[in-house]
Amino acid sequence: MVSLLRKLVPQSEYRKLLGAVVVIAANAGGAWTPIGDVTTTMLWIHGQISTLPTIQGLFIPSAISLAVPLALMSLSSEVNEKGQDSSDVLASEKMAPRGKLVFGVGLGALVFVPVFKALTGLPPYMGILLGLGVLWVLTDAIHYGESERQKLKVPQALSRIDTQGALFFLGILLSVSSLEAAGILREIANYLDANIPNVELIASAIGVVSAIIDNVPLVAATMGMYDLTSFPQDSEFWQLVAFCAGTGGSMLIIGSAAGVAFMGMEKIDFFWYFRKVSGFAFAGYAAGIAAYLAIQSVHFSIPTTVAQIPFLTGS
């Protein structure tokens, strides 16, 4: 998205603000589906959340966590100063029909993963590997005999995988598992339960801390501190953890992978983001939590009011 902004908007303060909105949108968009972010995927794989309840419970809060900072930023004088007119630089970069096919199949393979897990009961990575196999066969078929298009095939794409990033996450998960095996995470959970009995506050605090510490180890540690006997699947706590850890990273530019990528590509200063964006991101974060709690209160009050309706009670 930052690369796209570079083609559409010239270098300016306006483009920086648009990039900051992209960071907030990326984190909010990843919080409401099991495959949208690493943290939600971790919770989904380990059984803390499931697909449909997560989408139903977190879509509106995620949308609000984006809409609030977007609305507030649109009122600021800096954003109202329109950027320079830019020519339609993408007009000559039409996607080829084969490119549209590969894009559609790749997107469909990602969306198919939760369906695959529900239908077969197999781990999600099996669905990802199935989709990768389909893409591999497809790219080999449509580029057969075209030596100049070898770079567009799956093997070339696999050669560009960020191995260091994968090893980073592997090291984090091993470290957290070591803390869990040593009983340290359970002691932390007992301390939090004794001093912060409110689960909403615990989940909200996790989101705030995720703005400083990467959300992957935070969520991994949370899963080590609390199991499904403490909080059942799709409980309010796990959904709040998924939402807070995903969107809380927007409050600081170093709090999410999207923010770090934006900082590196656009050479954004930490304090610039803190001054210009953090307050708006925090407002969206708080509004999203409030929206989730409001929706949950309405949701749980409905059965008591409709329990007397004959066709719902079966009488």
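**Exercise 1.** Is arginine 6 buried, partly exposed or exposed?

*Solution.* The model is predicted. Arginine 6 has a relative accessibility of 40%. Buried means under 20%, exposed over 50%, and partly exposed in between. Arginine 6 therefore counts as partly exposed.

**Exercise 2.** Find which salt bridges join Arg6, Arg15 and Glu266 into one network.

*Solution.* Start with the pairing rule. Side chains of opposite charge can pair when their charged atoms come close.

Step 1. Arginine 6 forms a salt bridge with glutamate 266, with 3.0 Å between the closest N and O atoms. Arginine 6 sits in helix H1 and glutamate 266 in helix H14, so this pair ties together parts 260 residues apart in sequence.

Step 2. Arginine 15 also meets glutamate 266 in a salt bridge, at 2.9 Å from N to O. Arginine 15 belongs to helix H2, so this pair ties together parts 251 residues apart in sequence.

Step 3. Check burial. Glutamate 266 is buried at 8% relative accessible area. Arginine 15 is buried at 7%.

**Exercise 3.** Where do the partners of the salt bridge between arginine 186 and aspartate 227 lie?

*Solution.* Their side chains meet at 4.0 Å, N to O. Arginine 186 is in helix H10, and aspartate 227 is in the loop between helix H12 and helix H13. The two are 41 residues apart. Arginine 186 is partly exposed at 32%. Aspartate 227 is partly exposed, with a relative accessible area of 32%.

**Exercise 4.** Which helix gives the largest share of the nonpolar patch?

*Solution.* The patch covers about 540 Å², and its residues include Ile35, Phe103 and Leu107. Helix H6 supplies the largest share, four residues. Phenylalanine 103 lies in helix H6 and counts as exposed at 53% relative accessibility.

Note on methods
Residues are numbered from 1 along each chain as its sequence is written. This is a predicted model: local features need pLDDT of at least 70, side-chain atom pairs count only at pLDDT 80 or more; totals for chains, interfaces and linings use all residues. Side-chain values use heavy atoms; hydrogens and water are left out. Patches are made of residues with over 30% relative accessible area and no salt bridge: like charges are joined within 9 Å, nonpolar side chains (Val, Leu, Ile, Met, Phe, Trp, Tyr) within 5 Å. Accessible areas come from the Shrake-Rupley method with a 1.4 Å probe; for residues, only the protein chains shown count as cover. Buried means under 20% relative accessible area, exposed over 50%, partly exposed in between (1.4 Å probe, protein chains only).
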